[in-house]
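Open the model in your viewer and keep the selection tool at hand. The tour goes stop by stop: select, look, move on.

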Amino acid sequence: AYDKKRENVMLNNKIKEIILIILIMIVMLPNYVSAVTINLGNNPPAGKCDAYMIGTILFGLICVLIVDRLWLEHGKDNKAPETIEKYPPKGLNPLEVGFAYKGIADDKDGVSLLVYLANKGYITIETIEKKILFFKRTELKITKLKEYDGDNESEKTFMRGLFAIDEEVTNEILKNRFFRTVRRIKEKENKKENKKKIKNEASKEVNRIIDIMILSIFALISVVPLIKWSGFTTIFLVVPSVAGYIFLRKEINKEERDVLNLIFSSIIAAMFLFVPLIAVYIVLAKYEPLYIVMNVIGIVFIIILEIFRTLMPKRTKFGTEMFGKIKGFQRFLENAKKEELEDIVKKEPTYFYDVLPYAYVLGMSNKLIKQFESITMEKPAWAVQEGEFDSKEFNKNMKTVLKAAKHIMTSNPNSGISLSVEN
């Protein structure tokens, strides 16, 4: 209850910040308009489509066509073979599968090691429901059964961080502390050497070319015309737009993809990016409507180039192979019939628990739990539970366990508030 109240306060503060910035930019808009009007003076645009406009549009079009060819060679992934896989790629833990699939390890990938290591016999997990007034709270009690004896550095780091204080830990011990362990695990997995295994490094050179093209188009549609029509006195209008674009790019490219902060940052960046340009459009619409057409076309070209940029890293042969196997595993989980799953459980009673952490990092844990809710299974060795075991109720409870684990293990008192899509 306290956590929810704290998050609501932080959310309200964020909204207030956004409203304040929007009001400031709205107040500034007339000043921008006045500055453009004054600086245009007696030298307004000619009011006709000239060679400069045509040349700018052609330049943008050529850039898009060049990048399209570069993408076909350096960005378009080779088609992965369409297979059906009952199991995730052999020899990879869920953290590594999440990294191979998405090209980056995130919080969920790190948290997935909890159930994975429980399946390996290193820990037990007990869920305790507590009532605080009208609210229910799920607490986890995690107990170490034995020392980690494997050779995987991420798993070793996870176990060391989990039981750094005691051999039995709860929410209170892990909250606002264990996020550092998750962060270290992600940093290890996201190392450049690992990325080289699944992504082609040559694509970075192409991205630099795209960056130059984007800056050139932006200069042609905004900086050059302003200098041409009013000298260097209005060039300051472009500075907030450039700053807004750089800030937005930085937020999008962050490895820590905090959804709510990204939304707020995008709103702020968009205000700085577009308000100065809108001021220019308002004034120039009176003199040169075709300038606005050129600007809009140029912005469309920039958006297309940005899309190509995000698609550019091409998978290596190994990366494509792993991606194909993971997709095959997803395909099986999506299309498996109840009879087929029952047959697997008869042969491998722990199948559901073994694949659950992999389904979790692939965003399919809810679907997997639903598929198995009517299949009778044995109690997992790591589950601590009083009374008679009900596999249907236990499987439903796994949603709560996974959600609680992510909240507890990634809560960071310094990060403000974050939104995440639970699967």
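**Salt bridges within a helix**

Start with glutamate 321 and lysine 325: they form a salt bridge, with the closest N and O atoms 3.5 Å apart. This is a predicted model. Both residues sit in helix α14 (residues 317-335), four residues apart, so about one helical turn separates them. Check how open each one is. Glutamate 321 is partly exposed, at a relative accessible area of 41%. Lysine 325 is partly exposed too, at 31%.

Next, select aspartate 343 and lysine 347. Their side chains meet in a salt bridge, 3.4 Å from N to O. Here the helix is α15 (residues 338-347), and the two residues are again four apart, about one helical turn. Lysine 347 is exposed, with a relative accessible area of 65%.

Now pick Lys102, Asp106 and Asp109. Salt bridges with shared partners join these residues into one network.

Select arginine 309 and aspartate 211. They form a salt bridge, and their closest N and O atoms are 2.8 Å apart. Arginine 309 belongs to helix α13 (residues 289-311) and aspartate 211 to helix α10 (residues 203-230), so the pair ties together parts that lie 98 residues apart in sequence. Arginine 309 counts as buried, because its relative accessibility is 16% and the cut-off for buried is under 20%. Aspartate 211, at 21%, counts as partly exposed.

**A buried lysine in a strand**

Go to lysine 144, in strand β2 (residues 135-144). Is this lysine buried or exposed? At 15% relative accessibility, lysine 144 counts as buried. Show its side chain together with that of glutamate 147: the two make a polar contact at 2.9 Å. Then display what else surrounds lysine 144. Beyond its neighbours within four places in sequence, lysine 144 is in contact with Tyr122, Ile123, Met159, Phe163 and Glu167.

**Helix α6**

In α6, the buried residues are Ser154, Glu155, Thr157, Phe158, Met159, Gly161 and Leu162. That is seven of the helix's 10 residues, so α6 is mostly covered.

**Helix α8 and its cover**

Select α8 (residues 179-189). Its buried residues are Phe179, Thr181, Val182, Ile185, Lys186 and Glu189. Turn the view to look down the axis of α8: these buried residues fall within an arc of 160°, so they line one face of the helix. What covers them? The cover includes α3 (94-102), α4 (107-111), α5 (113-119), α6 (153-162), α9 (192-198) and α18 (391-410).

**The loop between α4 and α5**

Serine 112 is found in the loop between α4 and α5. At 2% relative accessibility, serine 112 counts as buried. Show its surroundings. Not counting residues up to four places away in sequence, serine 112 touches Pro94, Leu95, Pro357, Tyr360 and Val361.

**Last stop: a nonpolar patch**

Switch to a surface view and select Ile54, Leu58, Leu61, Ile62, Leu65 and Ile66. Together they make a nonpolar surface patch of about 530 Å². Finish on isoleucine 66, which lies in helix α2 (residues 51-74). Its relative accessibility is 39%, and isoleucine 66 therefore counts as partly exposed.

Note on methods: Residues numbered from 1 in each chain as written. Predicted model: local features only at pLDDT ≥ 70, side-chain atom pairs only at ≥ 80, totals over all residues. Heavy atoms only, no water. Buried < 20%, exposed > 50% of the residue type's maximum accessible area, 1.4 Å probe, protein only. Arc of directions from axis to C-beta. Contact = heavy atoms within 4.5 Å. Polar contact = N/O pair within 3.5 Å; in protein donor to acceptor, adjacent residues only side chain to side chain. Salt bridge = Lys/Arg side-chain N within 4 Å of Asp/Glu carboxyl O. Patch = residues over 30% accessible without salt bridge, like charges linked within 9 Å, V, L, I, M, F, W, Y side chains within 5 Å. Areas by Shrake-Rupley, 256 points an atom, 1.4 Å probe, with all protein chains shown as cover.
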